[in-house]
Each structure stands twice: as structure tokens, then as C-alpha cells.
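Hello,

Here is the structure I promised to pass on. Please open it beside this email and follow along.

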Amino acid sequence: QMRTQAQRMTRIVEDLLLLSRLDALESAPLEPVAMRPMLEQILADARVISDGQHRIALQAREVPDLLGSQPHLLSAFMNLAVNAVRYTPPGGSITVRYGRVADGVRYEVEDTG
């Protein structure tokens, strides 16, 4: 139990450090961000972290690019996917969705954890 709690606390500290770094960042210049390769990278990394223990899928018919900071978007989007892998029991499923909605673009990560 101590090991499990220590791992949980480590994850919380890592999440807090990430939020702190994102908060401290100065405004980055906006640039076109190609979302298809970014989504593919997020899924590939999530599958590596999962080590075959989860079903991981992408639902994205139309993949509009964004205007923003590529490293910041990748960090935020990756964090959601990695958390889904961390907190979904083995055998669970994780679905990453991305696409246009009525008022813009939506990125979602749904899991069974």
C-alpha cells in the first residue's frame, strides 16, 4: 500500500509541476500547428505507456489545424491522454476525439477508468 500511495503522490506532484510550468510560461508566439501528426504522436506515446494493456483509439474524421504554440498544445493534449492511461485499469479502453464542433474545435479523451 505504501508503494501504491507513493506512486500516486508522485503523479500528483508531476501534475502540479506541469501546471506550474504551464502557468509560468510567457505568451508564446502563435504559429500554425499541424494537428494530424500531433494526434498520431499522442496516440503512439499513449500506446507505449500502456504497454498493450488498453485499447486506444482515435476518432477524428476532419482534422483542422490550429493556431497556437505547438509545444504547449502537445503538452496539454498529451497530459490528458497519459492520465487516461494511468488511471484506466488494464483491459480498459481510451478514445481520443478531435474535430470541428459548432463553435470551434474540440479535443476529448474518454476512458473507462
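**Helix 2 and what surrounds it**

Helix 2 covers residues 35–50, which is 16 residues. From first C-alpha to last, helix 2 reaches 22 Å, close to the 22 Å expected at 1.5 Å a residue. Keep in mind that this is a predicted model.

Now look at which residues of helix 2 are buried. They are Met35, Met38, Leu39, Ile42, Leu43, Ala46 and Ser50. These residues cover an arc of only 135 degrees around the axis, so they sit on the same side of helix 2. Here is the general rule. An α-helix has 3.6 residues a turn, so residues three or four places apart point the same way.

What do the buried residues of helix 2 pack against? Their partners are helix 3 (70–87) and strands 1 (31–33), 2 (55–59), 3 (66–68), 4 (93–101) and 5 (104–111).

**Two other places to look**

Go to helix 1 (residues 2–24), where you will find leucine 16. Is leucine 16 buried or exposed? Leucine 16 is exposed, because its relative accessible area is 52% and the cut-off for exposed is over 50%. Together with Met9, Ile12 and Leu19, Leu16 makes a nonpolar surface patch of about 370 Å².

Then find glycine 92, in the loop between helix 3 and strand 4. Glycine 92 is buried, with a relative accessible area of 8%. Beyond its neighbours within four places in sequence, glycine 92 contacts Gln53, His54, Arg55 and Thr112. Glycine 92 and methionine 35 lie 26 Å apart, C-alpha to C-alpha, and 57 residues apart in sequence.

Best wishes

Key:
Residues are numbered from 1 along each chain as its sequence is written. This is a predicted model: local features need pLDDT of at least 70, side-chain atom pairs count only at pLDDT 80 or more; totals for chains, interfaces and linings use all residues. Side-chain values use heavy atoms; hydrogens and water are left out. Helices (H or I, at least four residues) and strands (E, at least two) are DSSP runs, numbered from the N terminus. The expected span of a helix is 1.5 Å times one less than its number of residues. Buried means under 20% relative accessible area, exposed over 50%, partly exposed in between (1.4 Å probe, protein chains only). The arc is that of the directions from the helix axis to the C-beta atoms. Contact means heavy atoms within 4.5 Å. Patches are made of residues with over 30% relative accessible area and no salt bridge: like charges are joined within 9 Å, nonpolar side chains (Val, Leu, Ile, Met, Phe, Trp, Tyr) within 5 Å. Accessible areas come from the Shrake-Rupley method with a 1.4 Å probe; for residues, only the protein chains shown count as cover. A salt bridge is a side-chain nitrogen of Lys or Arg within 4 Å of a carboxyl oxygen of Asp or Glu.
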